[in-house]
Amino acid sequence: MWYTGVLAFTLLVFGSLTYALLSRYLTWETDYSLMSKGDEVLRSIRVVSRPLRPQAIVLPDVNAFSSPYTFLQVVDVGGEIVARSRNLADQFLPVDGETLTRALEGKTFFETKQVGNQWLRLYNLPLYLGDQPVGLLQVGRLMHPGLAILARLRQILLLLGLLVLVLAASLGHLLARAALNPISRMTRLAAEIGEGRDLARRLPHHGPMDEVGRLAATFNGMLARLQNAYQRLEEAYASQRRFVADVSHELRTPLTTIRGNVELLQHMVESGSPIQPDALADIAGEAERMSRLLNNLLTLARADAGFTLERKPLNIGRLLAEVARRAPFLGRASFSLAGLGELEGCLVLGNEDFLKQLFLILLDNAFKYTPPEGAVTLEAALQDREVEIKVRDTGMGIPPEELSRIFERFYRGEASRRSGGTGLGLAIARWIVEQHGGAIRVSSSPGEGSIFTVQLPRLQR
Ligand code: ADP
């Protein structure tokens with residue numbers, strides 16, 4: 001509509017200007033010659049009073065002023081033709097009441113009149129006796145043939161303009177619809193996606209990469225990111241739910257044991273029978289398991305809350321030596337140390353407590369899942385940019401299908417369910433390694449043993 005409006009306005013201005021300028025140009029020449037002729041004749045006309053008739057107009061010979069193209073005519077107050085130039089023959093210039101009235105009011109003006117199939121341009125001048133208008137001098141000329149065409153031109157311009165407008169409006173409407181169609185289709189689809197929450201859907205667009213194409217691509221990109229975020233959110237929510245379920249389950253088991261033992265002790269006290277030290281040991285053991293579990297949970301909760309470790313440059317060789325001193329207390333398998341000498345003077349940007357916890361988790365697992373006749377080794381090796389520490393055991397190993405899951409929270413291997421554990425150790429270990437910008441890997445063959453490899457970036461001097 002705006003487009004049609006602007007076009008209509010342009011056409012109107014263009015048409016009127018063309019018409020006005022052309023007609024101005026065509027009449028100007030005629031009008032100018034009529035004016036000078038009229039003034040010339042007027043100067044030679046005298047109006048005098050006569051006793052019988054109120055006034056008479058004394059005319060010069062009008063023919064003296066006429067030319068083949070210029071006609072002259074004098075009309076008196078009554079509308080009677082008093083004189084005419086000869087070239088008019090038996091014709092006369094048209095004069096109606098309105099022309100006369102205007103002239104008698106003292107107005108000088110131009111007129112365009114049709115006589116037969118000819119167009120006449122008339123210049124009307126009032127005649128005065130004193131200051132009393134007494135007649136009218138008409139100077140006429142056939143109009144420029146172009147002026148007749150001009151009248152046609154006006155009709156043509158009007159008709160054509162209307163036609164062009166109607167055409168432009170309907171074509172514009174079609175084009176605008178065609179251009180906006182993909183957008184309204186997209187709007188519909190976007191609304192459907194929004195209502196249905198089916199973020200896997202995409203806006204189809206097979207056209208060129210124009211504005212609409214880019215809009216579709218941007219929208220689809222946004223949908224993909226939204227889908228991704230939504231998926232991650234759902235995963236996080238699911239793991240949260242699993243976590244809560246696991247925690248309550250893990251806490252219930254020791255609590256049940258404790259409660260059962262307390263009841264047993266109460267019964268013993270009431271019945272006066274001697275208290276069994278096993279019950280007390282059970283309670284102490286379970287309480288310790290619970291506090292270990294809670295500590296681990298606290299660490300993971302902190303990790304989830306975005307807690308970052310405070311790190312300082314530390315001597316990794318010394319730290320490993322300290323951890324190794326505690327190793328023999330972790331289990332009965334034989335323990336050996338290798339490559340520590342290589343780490344002389346090597347620094348790592350790390351958190352001492354958490355790094356110790358990391359290696360203790362790995363060593364604890366190694367001893368836990370290795371029979372007393374097996375062996376556990378802690379090996380260190382220096383690399384270009386990293387320190388590589390391996391905890392190797394000759395224990396039961398991990399079946400391949402479990403390997404990808406052992407770093408998950410609360411995940412416990414099928415064969416290890418019997419041993420005391422919470423399934424949180426490796427999850428914590430992985431978090432600590434990540435906090436240090438390192439990597440942790442595992443390789444294992446069931447029945448032969450496992451190797452956990454930790455890589456930590458060296459502090460470059
Ligand atoms: P937890 O040891 O308390 O069960 P972890 O998170 O430390 O929990 O370990 C997860 C699982 O990975 C264990 O249940 C066990 O199945 C397996 N695993 C870890 N270390 C070893 C190892 N050295 N040898 C065999 N299996 C292991």
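**Entry 1**

Which residue forms a salt bridge with K356? I looked it up, keeping in mind that this is a predicted model. The partner is E352, and the closest N and O atoms of the two are 3.3 Å apart. Both belong to helix α8, residues 352-368. E352 and K356 are four residues apart there, so about one helical turn separates them. I noted the general rule beside this: an α-helix has 3.6 residues a turn, so residues three or four places apart point the same way. E352 is partly exposed, with a relative accessible area of 38%. K356 comes out at 15%, and it counts as buried because the cut-off for that is under 20%.

**Entry 1: other salt bridges**

How many salt bridges does the count come to? I found 13. I picked out E111 and K113, whose side chains meet with 3.3 Å from N to O. E111 is buried at 14% relative accessible area, and K113 counts as buried too, at 17%. I also followed the shared partners here: D96, E111 and K113 are joined into one network by salt bridges.

Next I turned to D304 and R409, which meet in a salt bridge of 2.8 Å, N to O. This pair links distant parts of the chain, 105 residues apart: D304 sits in helix α6 (residues 277-304), while R409 sits in the loop between α9 and α10. R409 counts as partly exposed, at 30% relative accessibility.

**Entry 2: aromatic rings**

I moved on to the rings and found six aromatic pairs in the structure. One of them is F407 with F452, an edge-to-face pair with 6.5 Å from centre to centre and 75° between the planes. It also links distant parts of the chain, since F407 is in the loop between α9 (400-403) and α10 (425-435) and F452 is in strand β14 (residues 449-457), 45 residues apart.

Which residues of helix α7 are buried? In this helix, residues 316-326, I listed I316, G317, L319, L320, V323 and A324. Looking down the axis of α7, I saw that these fall within an arc of 160°, so they line one face of the helix. The face turned away from that buried side carries R318 and R325, which are exposed.

**Entry 3: along α1**

I ended with helix α1, residues 2-44, where F9 is found. F9 counts as exposed, because its relative accessibility is 57% and the cut-off is over 50%. Together with V13, L17 and L21, F9 forms a nonpolar patch on the surface, with about 410 Å² of accessible area among the four.

Definitions and conventions. Residues numbered from 1 in each chain as written. Predicted model: local features only at pLDDT ≥ 70, side-chain atom pairs only at ≥ 80, totals over all residues. Heavy atoms only, no water. Patch = residues over 30% accessible without salt bridge, like charges linked within 9 Å, V, L, I, M, F, W, Y side chains within 5 Å. Areas by Shrake-Rupley, 256 points an atom, 1.4 Å probe, with all protein chains shown as cover. Helix = DSSP H or I, 4+ residues; strand = E, 2+ residues; numbered from the N terminus. Buried < 20%, exposed > 50% of the residue type's maximum accessible area, 1.4 Å probe, protein only. Phe/Tyr/Trp six-rings, centres within 6.5 Å; stacked < 30°, edge-to-face > 60°. Arc of directions from axis to C-beta.
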